[in-house]
Amino acid sequence: MPRRVIVLLLSFAAVTAAHAQGVRVKLTAWPAPVLLDTLRQDHSVAADPQAVYAAVQKAFAELELPVGNTDSKAGIIGTDLFERRGRLAGAAMARSFNCGDSPMGAPNADTFRLSIAVAAWVKPDGKGSTILGLAAAADGLDASGARRGAHECTSTGELEGKIVAAVTRIAR
């Protein structure tokens with residue numbers, strides 16, 4: 001099977017108060033590039049933005065998420081598109097992503113090879129704390145080769161929760 005080539009596009013355009021950053025990722029299974037901003041969930045972290053930004057990078061390393069794209073001025077940290085199979089951040093893949101179920105009812109995420117993108121946005125909340133936005137998206141291929149074509153995978157929120165917990169711990 002030829003190796004898939006997938007391009008992660010991060011666009012760090014100038015930001016105004018009315019416009020968010022456009023962080024896009026091209027995943028084979030999705031019909032168009034995924035705008036991670038639309039999947040973003042915001043969390044409050046009781047620390048200054050610089051400490052949170054540094055803590056996000058350390059949290060990504062702890063969770064074995066490869067940091068590939070950063071923009072400290074815009075407060076964005078993103079992974080390069082990376083592949084994993086079986087486990088992510090110390091747990092079964094299905095804890096982090098839903099790729100549907102096999103005909104036997106088992107979660108596909110646990111047996112598929114997933115291509116994953118994660119992005120974090122760090123910005124002050126104006127009250128002395130920081131807003132940490134997180135989003136993750138993936139697609140998966142049946143590693144056994146039994147089924148053709150990639151499947152869309154959606155985040156369960158588990159990975160983002162682990163990132164928030166690690167950032168909160170590290171930023172103290």
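# Exercises on a predicted model

Asn108 sits in the loop that joins strand S10 (97–98) to S11. The model is predicted, and the exercises below work from its computed geometry.

**Exercise 1. Decide whether Asn108 is buried or exposed, and find which backbone atom its side chain reaches.**

Solution. 
- Step 1. The relative accessible area of Asn108 is 3%. The cut-off for buried is under 20%, so Asn108 is buried.
- Step 2. From its place in the loop between S10 and S11, the side chain of Asn108 reaches the backbone oxygen of Asp101, at 3.5 Å.

**Exercise 2. Check the length of helix H1 (residues 49–62), then work out which of its residues are buried and how they are arranged around the axis.**

Solution. 
- Step 1. H1 has 14 residues, and at 1.5 Å a residue it should span 20 Å. The expected span takes 1.5 Å times one less than the number of residues.
- Step 2. The buried residues of H1 are Pro49, Val52, Tyr53, Ala55, Val56, Ala59 and Phe60.
- Step 3. Viewed down the axis of H1, these buried residues fall within an arc of 165°, so they line one face of the helix. An α-helix has 3.6 residues a turn, so residues three or four places apart point the same way.
- Step 4. Gln50, Lys58 and Ala61 are exposed, on the other side of H1.
- Step 5. The cover over the buried residues of H1 includes strands S4 (41–45), S5 (67–71), S6 (76–79), S11 (112–124) and S12 (130–142), together with helix H2 (158–171).

**Exercise 3. Find how much space lies in the second largest pocket, and which elements supply its lining.**

Solution. 
- Step 1. The second largest pocket holds about 170 Å³ of space.
- Step 2. Its lining has 14 residues, and the closest to the pocket centre are Leu39, Gln41, Ala136, Ser155 and Glu160.
- Step 3. At least two lining residues come from each of S4, S12, strand S13 (151–155) and H2. S12 gives the most, with four residues.

**Exercise 4. Place Ser155 in the fold and list the contacts of its side chain.**

Solution. 
- Step 1. Ser155 belongs to strand S13. With a relative accessible area of 26%, Ser155 is partly exposed.
- Step 2. Along the sequence Ser155 and Phe97 are 58 residues apart, yet their C-alpha atoms are 4.5 Å apart in space.
- Step 3. Setting aside neighbours within four places in sequence, Ser155 is in contact with Ser96, Phe97, Ala136 and Glu160.
- Step 4. The side chain of Ser155 reaches the backbone nitrogen of Gly157 at 3.1 Å, and makes a polar contact with the side chain of Glu160 at 2.7 Å. Ser155 and Glu160 are also among the residues closest to the centre of the second largest pocket.

**Exercise 5. Classify Leu35 by accessibility and name its contacts.**

Solution. 
- Step 1. Leu35 is part of strand S3 (residues 34–35). Its relative accessibility is 25%, so Leu35 counts as partly exposed.
- Step 2. Leu35 and Val23 are twelve residues apart in sequence, and 5.7 Å apart in space from C-alpha to C-alpha.
- Step 3. Beyond neighbours within four places in sequence, Leu35 is in contact with Gly22, Val23 and Arg24.

Key. Residues are numbered from 1 along each chain as its sequence is written. This is a predicted model: local features need pLDDT of at least 70, side-chain atom pairs count only at pLDDT 80 or more; totals for chains, interfaces and linings use all residues. Side-chain values use heavy atoms; hydrogens and water are left out. Buried means under 20% relative accessible area, exposed over 50%, partly exposed in between (1.4 Å probe, protein chains only). The arc is that of the directions from the helix axis to the C-beta atoms. Contact means heavy atoms within 4.5 Å. On a 1 Å grid over the protein atoms alone, a cavity is a set of points where a 1.4 Å probe fits but cannot get out, and a pocket is an open set with protein on both sides within 12 Å along at least five of seven lines; lining residues have an atom within 4 Å of a point. Grid points are joined across faces, edges and corners, and a volume is the space filled by probe spheres set on the points. A polar contact is a pair of N or O atoms within 3.5 Å; within protein, one must be able to donate a hydrogen and the other to accept it, and residues adjacent in sequence count only if both atoms are side-chain atoms.
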